[in-house]
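Student: I have a structure open and I'd like to learn how to read it. Can we go through it together?

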Amino acid sequence: MRRAMIERILLLAGPPFGAALFAGVEARLRQKAPGMEVSAAAVPWGDQPPFLPDVSGALVVAHGLAVPAAVAGSEAAAALVVSNGPVTRLDPFAAALSGAAHTTLAATALRGVLASPLWTAWLRSSVGLRRVVSNPYSMDRDTVAALCGPPVADGPSRARLLTYLRWLGEAVPVPVPACPATVVWGDADSLYPASEADAFDILSGNPQRVSVAGGHFVHPEESPWALADAILAIARGGRVPAADPGTTTATSRSGRSSSRSGERGRASVEE
C-alpha cells in the first residue's frame, strides 16, 4: 500500500560534520519540492540523549555518527533514512574518541585539540577525511572549515560533543527502529561498508535498499542529488527510482574539482 506523503524532512549530520554537509541536498530538495518543509541540523542537539531536535512527523535522514541518535529517538518520527553510519560498531577513530571522552585526562586533552587548529588540520589530512571521499583534493582548508568548523566553534559546542562521544559507546549496536526505516548507502565506503547496511536491513525488516553507486562516506557532499532524489521518493511514499548515470564532480568549496563519468553518483534500488 502506498504510504501518505510526508511533508517535513529533517536532515541530521553527525560529528565531525555540521549541518552544512547537507547544503547541496537541501538545495535540490527545495528546488524539486518547494512546498515541502526541509531543514538540517547537527547532532548532538542539546545535552541529553537522544541529542535530537524535534523529529515529530518528520522523515528523519541521519548520516554518519548521527545514526545512533536518530534510531534511539525514532519513536516520534514518521519515517527514518539511515546513511553510512554505525549500526553494529563504531569506526576505529570514532571508537577511540569515544573511549578518550570517558577518561578525565584524555577528555581534557581532547577538548584542547577540538579547540585548536589541530582538529581541522587532521580532518583535511591524508589520514582524515581525504581517505573517505572520491576526490581527496576536495577536502581542502575552506571545505573542511565549512563542513566541520561549526560543531567545535565554541566551548558549549565542544562540551556537547564530548558528552555525545561518551554516549556513542553505549548506543551501538543500535536498537530496532521505532518507525519505518530505509537504508540509503554509499557503496564504496571503507569506513562504514555495506556490511553495516546489511545489518540495518535485517534490523529494520525493510528489504529495499538504495545504493549510491561509487558513494564514499561523504557522499551527501559529493553526490547530493543522488541522496536528495532518494529522500524525495521515500517522502512521497513511492518506490525509489534508479537515477540516470551522468557525471559526478567532486568539487571543493574553493573550486577544485575532479570529474568522473559513468556510474559514480547513481542511485539504484536493491531488494
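**Reading strands and salt bridges**

Tutor: Let's start with Arg-28: its relative accessibility is 27%, so it counts as partly exposed. The scale is this: buried means under 20% relative accessible area, exposed means over 50%, and partly exposed lies in between (1.4 Å probe, protein chains only). Before we go on, this is a predicted model, where local features need pLDDT of at least 70, side-chain atom pairs count only at pLDDT 80 or more, and totals for chains, interfaces and linings use all residues. Residues are numbered from 1 along each chain as its sequence is written, and side-chain values use heavy atoms, with hydrogens and water left out.

Student: Okay! Which residue forms a salt bridge with Arg-28?

Tutor: A salt bridge is a side-chain nitrogen of Lys or Arg within 4 Å of a carboxyl oxygen of Asp or Glu. Here Arg-28 pairs with Asp-229, and their closest N and O atoms are 2.7 Å apart. This pair links distant parts of the chain, since Arg-28 sits in helix H1 and Asp-229 in helix H10 (residues 224-235), 201 residues apart. Helices (H or I, at least four residues) and strands (E, at least two) are DSSP runs, numbered from the N terminus.

Student: What else forms a salt bridge with Asp-229?

Tutor: Lys-32 does, with the closest N and O atoms 3.4 Å apart. That pair also links distant parts of the chain: Lys-32 is in helix H1, 197 residues from Asp-229 in helix H10. Lys-32 is partly exposed at 39% relative accessibility, and Asp-229 is partly exposed at 21%.

Student: How many salt bridges does the structure hold?

Tutor: There are 6. Another one joins Asp-201 and Arg-209, with closest N and O atoms 2.6 Å apart. Both Asp-201 and Arg-209 are buried.

Student: Now strands. Is S1 buried or exposed?

Tutor: Buried: 6 of the 6 residues of strand S1 (residues 8-13) are, so S1 is largely enclosed by the rest of the structure. Arg-8, Leu-10 and Leu-12 cover one side, with Ile-9, Leu-11 and Ala-13 on the other.

Student: Which strands pair with S1?

Tutor: Two strands pair if DSSP finds at least two bridges between them. S1 and strand S2 (residues 37-42) are parallel, over 6 bridges, and Leu-10 has Ser-39 as its bridge partner in S2. S1 also runs parallel to strand S3 (residues 59-63), joined by 4 bridges, where Leu-11 stands opposite Val-61.
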